[in-house]
Structures are given as C-alpha cells and as structure tokens.
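Me: I would like to go through the labels used for this protein and ask what stands behind each one. Please keep to the definitions.

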Amino acid sequence: METLLKRDERTFKLVEGDYRAKEFGLIREWHVTEKIHGQNIRIQFDGENVTVAGRKSLNPKDLPADLYKFLIEHFTPELMKQVFDKPVTLFGEGCGPGINGGAAYSATKTFVLFDVLVQKETETWVDQIAIPSIAESLGVKHAPVMGELTTDEVVQLVRKGFYSRLADEITGIGYEAEGIVAVARGLYDHRGSRVAFKLKTIDFRGKEAA
C-alpha cells in the first residue's frame, strides 16, 4: 500500500500536499482505521480448507510457532463455512509478545482483522464498513475505526500521534499507535486497485523513519 506523501530528496522530510498518487488529492473523505504494528498474516479459505501464511512467505515455519498454532486452531474450516459462502482471504496482523508492538496489544498471540478479499467471478474487497461485523462473527478483534476523516485531518492526527485504541481496549496499556490506513470506499484507480494509503507517526520524525 502506498504512503500518502512524497519526501524532499535533500532533507527527506515529508512534503505536505505533494501526494505520491494524484488520486489522493481528489478524495474528500477517507474511511480511516488504526494501523496495527504486528506481523502481517493472510488466511486463505478455498471453500473447504484453510491455509495460513505470512505476507512474504507461504511457509508456516516462518511464523512464530504459538501464533501459527492459534491461527490453525481458531480459523477452522467449520468456522469459515459458518461465516463465508465463497472462498476468501483474510488479511490481518499477528499480535502479542515478541511481535513488534508486543504485549501492549495482547498477553498472548492473537490475530487482528483489517481486510477481507472475496473470490467471486473476480476478486472483490469487502466494504470496510463490514469488517467489524465479520471480525465479531469470526471471534477476533478488528483494526479500530478512527472515523471518516479528510486528508488534512488524517495528517494532523498522525503528526501529533495518538494512543492505540486496540491496545487500550485489550490490555489498557498506553501504547503509541503506529499510524493509520485510509481507504476511499468503493473507489478504484486505473489499475483496478483500491484508492488507499497508509501514514505512520514515525514518518514525521526525520530521516531515520525511511
């Protein structure tokens, strides 16, 4: 997913208003969720079987053993058949001790849902508004919804920084959120990709953020 702003080649600072994709300057409001600082996970269901993988590797051995155990035991074919009548891929973050944000998110390894791709005649992203109810049906948490925000409101929020709503909800620990993900609901670019961007708090804190 593309980040929102370009950087000055000399200072490496973000250049506000200089968007990495021209579409970003055309959207009035975005559906904004908290970006979770975990380990990217994909759970694929073909209608009968469940496969668990990371973003860069299909090998389960590349995942923490206790995280993989949780995912396989939780996302059973029976559960997936109760929720979905078509093949799908769930996208989320593996969270818990030893993974980036660590125990601030959860005392044990768990999964936080942020996207669902349905395999119909063509691949179709589920509307972001439906993600919380799908997560509830699956018995997992979802990336907290920050609201419908303008681009300027998103920039101000992330520049200032904010505490993770997910960490507060699960553990009560005051942990700074990694940033946000913003999606223009129902809009796609000329390549057929969703119009969406990410923005991290660290992006506003100098060259070391690259």
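Me: Which residues have the most contacts inside the largest nonpolar core?

Reply: They are Ile43, Phe75, Met80, Leu90, Leu113, Val116 and Leu138, in a core of 25 residues. A nonpolar core is a set of buried Ala, Val, Leu, Ile, Met, Phe, Trp, Tyr and Cys residues joined through side-chain atoms within 4.5 Å. Apart from this core lies another, of 21 residues, including Leu5 and Ala182. The model is predicted: local features need pLDDT of at least 70, side-chain atom pairs count only at pLDDT 80 or more, and totals for chains, interfaces and linings use all residues. Residues are numbered from 1 along each chain as its sequence is written, and side-chain values use heavy atoms, with hydrogens and water left out.

Me: Why is Arg194 called buried?

Reply: Buried means under 20% relative accessible area, exposed over 50%, and partly exposed in between (1.4 Å probe, protein chains only). Arg194 has 16% relative accessibility, so the residue counts as buried.

Me: What makes the pair Arg194 and Asp115 a polar contact?

Reply: A polar contact is a pair of N or O atoms within 3.5 Å; within protein, one must be able to donate a hydrogen and the other to accept it, and residues adjacent in sequence count only if both atoms are side-chain atoms. The side chains of Arg194 and Asp115 are joined at 2.5 Å, so the pair falls within the 3.5 Å limit.

Me: Why do the side chains of Arg7 and Asp203 count as a salt bridge?

Reply: A salt bridge needs a side-chain nitrogen of Lys or Arg within 4 Å of a carboxyl oxygen of Asp or Glu. For Arg7 and Asp203 the N to O value is 3.5 Å, so the pair qualifies.

Me: What does the pair tie together?

Reply: Arg7 lies in strand β1 and Asp203 in the segment after β12, so parts that are 196 residues apart in sequence are tied together. Strands (E, at least two residues) and helices (H or I, at least four) are DSSP runs, numbered from the N terminus.

Me: Is Asp203 buried or exposed?

Reply: Asp203 has a relative accessible area of 11%, so this residue is buried.

Me: How many salt bridges does a search of the whole structure find?

Reply: The search finds 14. One of them joins Glu48 and Lys81, with the closest N and O atoms 3.0 Å apart.
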